Amino acid sequence: MEAWIKIVAHYVALASEAMAVYFILAGIVQALWLYVRQGLRPGGGHRVLLAMRRELGHNLSLSLEFLIGADVMNTAISPSWQDIGQLAAIVGIRTVLNFFLHHELGGTAGGEGGPQT
């Protein structure tokens with residue numbers, strides 16, 4: 001039973017990492033498509049860049065959450081004190097990155113691309 005749980009946890013972690021990669025790629029494609037569609041037009045400028053940053057930022061934030069989940073699953077498979085310490089450091093760094101990314105995006109799902117005033 002324990003071996004089966006480890007196998008399932010491994011594949012869940014792998015799927016979570018794959019989803020993170022998917023969301024990063026999707027964010028890049030969406031941002032580039034937005035630029036091609038609107039940024040190359042006259043007058044696109046700054047507004048389009050803010051929209052691109054918002055699209056990419058939201059996808060990066062979501063991918064960070066999936067990566068944290070994958071790290072937790074990988075540590076749950078075979079926890080040692082060293083693994084737990086590494087997980088704490090990784091989750092801490094990714095959480096701080098996600099916090100500042102969220103702050104940069106305006107703190108809301110429909111943020112204007114900058115901190116709220």
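**A guided look**

Colleague: Where is Thr75 found?

Modeller: Helices are DSSP runs of H or I with at least four residues, strands are runs of E with at least two, and both are numbered from the N terminus. Thr75 is found in helix H2 (residues 45-77).

Colleague: What kind of model is this?

Modeller: Residues are numbered from 1 along each chain as its sequence is written, and side-chain values use heavy atoms, with hydrogens and water left out. Local features need pLDDT of at least 70, side-chain atom pairs count only at pLDDT 80 or more, and totals for chains, interfaces and linings use all residues; this is a predicted model.

Colleague: Is Thr75 buried or exposed?

Modeller: Buried means under 20% relative accessible area, exposed over 50%, and partly exposed in between (1.4 Å probe, protein chains only). Thr75 has a relative accessible area of 12%, so this residue is buried.

Colleague: Which residues does Thr75 touch, not counting those up to four places away in sequence?

Modeller: Touching is a contact, with heavy atoms within 4.5 Å. Leaving out residues up to four places away in sequence, the partners of Thr75 are Asp83, Ile84 and Leu87.

Colleague: Which pattern does the protein chain follow along the sequence?

Modeller: The chain has 3 helices and 0 strands. Read along the sequence, that gives the pattern α-α-α.

Colleague: How far apart are the end C-alpha atoms of H1?

Modeller: The expected span of a helix is 1.5 Å times one less than its number of residues. With 38 residues, H1 should span 56 Å, and this agrees with its end C-alpha atoms, which are apart by 54 Å.

Colleague: What covers the buried residues of H1?

Modeller: Buried residues in H1 include Ala9, Phe23, Ala31 and Leu34. Leu34 touches Val48, Ala51, Met52 and Glu55, among others, not counting residues up to four places away in sequence. The cover over the buried residues of H1 includes H2.

Colleague: Which residue forms a salt bridge with Arg94?

Modeller: The structure holds 2 salt bridges. In the one with Arg94, the closest N and O atoms are 2.3 Å apart, and the partner is Asp71. The pair links distant parts of the chain, 23 residues apart, with Arg94 in helix H3 and, in helix H2, Asp71.

Colleague: How much of the accessible surface of the protein chain belongs to carbon and sulfur atoms?

Modeller: Accessible areas come from the Shrake-Rupley method with a 1.4 Å probe, and for residues only the protein chains shown count as cover. The accessible surface of the protein chain comes to about 7800 Å², and the part belonging to carbon and sulfur atoms is 70%.

How values were computed. Salt bridge = Lys/Arg side-chain N within 4 Å of Asp/Glu carboxyl O.
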